[in-house]
Amino acid sequence: MVLSDLLRLDPPLDPDAPEARRWVLDELAKPEYRAAEPTAFDLAAQAVRDWIASLFAGAGGLPAPALWLLVVLVVVVLVVVALLVFGLPRLRHRAAPAAPLFDDGDVRDAATLRAAAAAAARAGDWPLAIEERFRALVRGLVERELLRVHPGTTAHGMADAASRAFPALAGPLESAAADFDGVRYLARAGSEEAHRRLLALDEEIMAARPVQDDRLAAAAVAGDGA
């Protein structure tokens, strides 16, 4: 009695076709089989490997120089494809020329301008320190793509444009533009205190995040007056 019950619990040893097909589908549906399926990247990589292998399949009888030429051509093709897919946008971005500030041909980057401002401050040249620090602030915003420099745009125009990305700093930005105009155009002596304010503002903006995601929404307006 017990032996016959156990035999009845076993699956049929000779299933028909529909039953066998169901067993196979149930087995393949298990997670371990699904995880083993090749991904789209695996299929693409395999296609590339197959293509390269097909190039060399009939190259056994080629002389060594021709074979090396074929290898070089394959490598060049792969490098060009990689640049087009991954590297070309970065190369274009880096190749973009820096726009001069305040129509005087100054294309120095923010790091260079900050170093020049620090050197002028150590020498006690407050007019130059203020001018270089304001230029560094503006260039930093340009490099972060929060500001566009247009011919004819003044310090106040740039301060107004930058305040769209940093509205809480609109007042300090306007004061910094006034200090810049004072030492650059009005021959004012400037002061250590004015430079300290500008330095603090530059550091605060470097650490701050703009309030809007559209980075170019703060573009300066060309020809906005003095």
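Hi everyone, a definition to begin: on a 1 Å grid over the protein atoms alone, a cavity is a set of points where a 1.4 Å probe fits but cannot get out, and its lining residues have an atom within 4 Å of a point. This is a predicted model, where local features need pLDDT of at least 70, side-chain atom pairs count only at pLDDT 80 or more, and totals for chains, interfaces and linings use all residues. Residues are numbered from 1 along each chain as its sequence is written, and side-chain values use heavy atoms, without hydrogens and water.

Let's start inside. The structure has one cavity of 30 Å³ or more. Which residues line the largest cavity? They are Phe134, Leu137, Val138, Leu141, Leu147, Ala155, Met158, Ala159, Ala162 and Leu173. By type, that lining has 10 nonpolar residues, no polar and no charged; Ala, Val, Leu, Ile, Met, Phe, Trp, Tyr, Cys and Pro count as nonpolar, Asp, Glu, Lys and Arg as charged, and the others, Gly among them, as polar. Helices α7 (126-143) and α8 (155-165) each supply at least two lining residues; helices here are DSSP runs (H or I, at least four residues), numbered from the N terminus.

Now for two loops. Glutamate 145, between α7 and α8, has a positive phi of about 60 degrees although it is not a glycine. Is glutamate 145 exposed or partly exposed? At 29% relative accessibility, glutamate 145 is partly exposed (buried is under 20% relative accessible area, exposed over 50%, partly exposed in between, with a 1.4 Å probe and protein chains only). Alanine 187 sits in the loop between α9 (170-185) and α10 (192-207). Alanine 187 also has a positive phi, near 55 degrees, and is exposed at 70% relative accessible area.

Conventions. On a 1 Å grid over the protein atoms alone, a cavity is a set of points where a 1.4 Å probe fits but cannot get out, and a pocket is an open set with protein on both sides within 12 Å along at least five of seven lines; lining residues have an atom within 4 Å of a point. Grid points are joined across faces, edges and corners, and a volume is the space filled by probe spheres set on the points.
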